[in-house]
Amino acid sequence: MPDSTGYPRLADLVRGCPGGAAVEIFTEPPETERELAERIRGSAGVLRFFNSTPLDTGALLAARPARVLVAGPVGNAVDLAAAEAAGIEVYDTPGLAAGTVAEFTLTLMLALAHRLPTGVGAGPGWHPTAGRDLVGRMLGVVGWGRVGSAVARLAVGVGMRVAAWSPSLDETTARAAGVQRLELDELLGSAHVVSLHLRAAPETTGIIDARRISLLRPDALLVNTARADLLDMAELRRRLTAGALGGVALDVFDVEPLPADDPLRTHPNALVTPHMAWMTDDAVERFLAASIAFGVQGDDSLVRRLT
């Protein structure tokens, strides 16, 4: 592991995994491309945490390890085209934080519905603000992957009615999950809470555009722990500022870090978090354990080959 600085306690978590003792860990980032290449030269595999600095392509090609194991979704952790051209196998461990992100999403929904942004740390005064129950209200889930379906299960557990839309969701799957399948526009216009869980792709970029944002109920709560590119963020800010939305809870943004003067930081009906929905030691341990189990023991049950 040529750089273990991508997450607090990352080196300790690696050592705590079964087989972690077989991983050589560098606790300081390399200062040069050459130093990085020397660290990984001759290794059977390189373990890379997805949230660390992307693996330098020049160093990778100079050292040519047999494989790169990305703990977490690959994202931009490694140049896949360059690795494939060089014959370097790249694997990642996708989906292992789905439950974590789902829990966080439900937390944002509950916090927004019960007006926690205005009730926590509000200064020396004592001014409770009335929120709303979620029991009996409709959640609209946009995107039916591992996270979206997990959010639906949690929402049913707290007494919400759930409707869902996804390009791949059919009536049979929806019925089996105990949710109602609606077309996207109908879902946006009828749900009390809308939660976005689509992957980033050309066909999903801007899918919740100004027209679709205008379909939301004026008291609707919108939650996004997926990708900022799904939303017209300028229109979202405009409608929130105009009082045309009940509230927004966002963990992803068009500009990160979110600027200090962004109105989303101070609006009483906005709850913003710094891209941390996936961030628990438990999830990181799952990423690392899956990568190490494959690299040390050959267990490929939780990895995905990309090149």
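1. Buried means under 20% relative accessible area, exposed over 50%, and partly exposed in between, with a 1.4 Å probe and protein chains only. By that cut-off Phe-50 is buried, because its relative accessible area is 16%. This is a predicted model: local features need pLDDT of at least 70, side-chain atom pairs count only at pLDDT 80 or more, and totals for chains, interfaces and linings use all residues. Residues are numbered from 1 along each chain as its sequence is written, and side-chain values use heavy atoms, with hydrogens and water left out.

2. Overall build. The chain has 12 helices and 11 strands; these are DSSP runs numbered from the N terminus, helices being H or I of at least four residues and strands E of at least two. The radius of gyration is 22 Å, close to the 19 Å that the globule rule gives for 307 residues, so the chain is as compact as a globular protein of that length. That radius is taken over C-alpha atoms, and the rule is 2.2 Å times the number of residues to the power 0.38. The C-alpha trace spans about 60 × 50 × 35 Å along its principal axes. Of the 307 residues, 48% are buried.

3. Contacts in sequence. Contact means heavy atoms within 4.5 Å. Take the contacts between residues at least 6 apart in sequence: 59% of them join residues at least 24 apart.

4. The sheet. Seven strands form an open sheet in the order E6-E5-E4-E7-E8-E9-E10, with parallel pairing. Strand E6 (180–181) and E10 stand at the edges with a single partner strand each, so one side of each has no neighbour in the sheet. Two strands pair here if DSSP finds at least two bridges between them. Strand E8 (residues 221–224) and E9 run parallel and are joined by four bridges.

5. Nonpolar cores. A nonpolar core is a set of buried Ala, Val, Leu, Ile, Met, Phe, Trp, Tyr and Cys residues joined through side-chain atoms within 4.5 Å. The largest has 71 residues, and those with the most contacts inside it are Leu-47, Phe-49, Leu-139 and Leu-288. H5 gives the largest share of this core, nine residues. Apart from it lies another core, of 31 residues, including Leu-182, Val-194, Leu-196 and Leu-216. Leaving out residues up to four places away in sequence, Leu-288 touches Met-1, Leu-10, Leu-13, Val-14, Cys-17, Leu-47 and Ala-71.

6. Aromatic pairs. The whole structure holds seven aromatic pairs. Rings of Phe, Tyr and Trp (its six-membered ring) pair if their centres lie within 6.5 Å; planes under 30 degrees apart count as stacked, over 60 as edge-to-face and the rest as tilted. Phe-49 and Phe-50 are edge-to-face, 5.1 Å centre to centre with 65 degrees between the planes. Phe-49 counts as buried, at 0% relative accessibility. Phe-50 also pairs with Phe-287: the centres are 5.7 Å apart and the planes at 75 degrees, so this pair is edge-to-face. Phe-50 lies in the loop between strand E1 (46–49) and helix H3 (57–63), and Phe-287 in helix H12 (residues 281–297), so the pair ties together parts 237 residues apart in sequence. Ring pairs link Tyr-7, Phe-49, Phe-50, Trp-278 and Phe-287 into a cluster.

7. Backbone points to inspect. The peptide bond from Glu-256 to Pro-257 is cis, with omega near -5 degrees. Pro-257 is in the loop between strand E9 (247–250) and strand E10 (270–272). Arg-9, not a glycine, has a positive phi of about 70 degrees. Arg-9 sits in the segment before helix H1 (10–16) and is partly exposed at 45% relative accessibility. Arg-115 has a positive phi of about 60 degrees, again without being a glycine. Arg-115 lies in the loop between helix H5 (98–113) and helix H6 (116–119) and is partly exposed at 24%.

8. Pro-268. This residue lies in the loop between E9 and E10. Pro-268 touches Arg-115, Pro-117 and Thr-118, not counting residues up to four places away in sequence. Its relative accessible area is 45%, so Pro-268 is partly exposed. The C-alpha atoms of Pro-268 and Val-284 are separated by 32 Å, at 16 residues apart along the chain.
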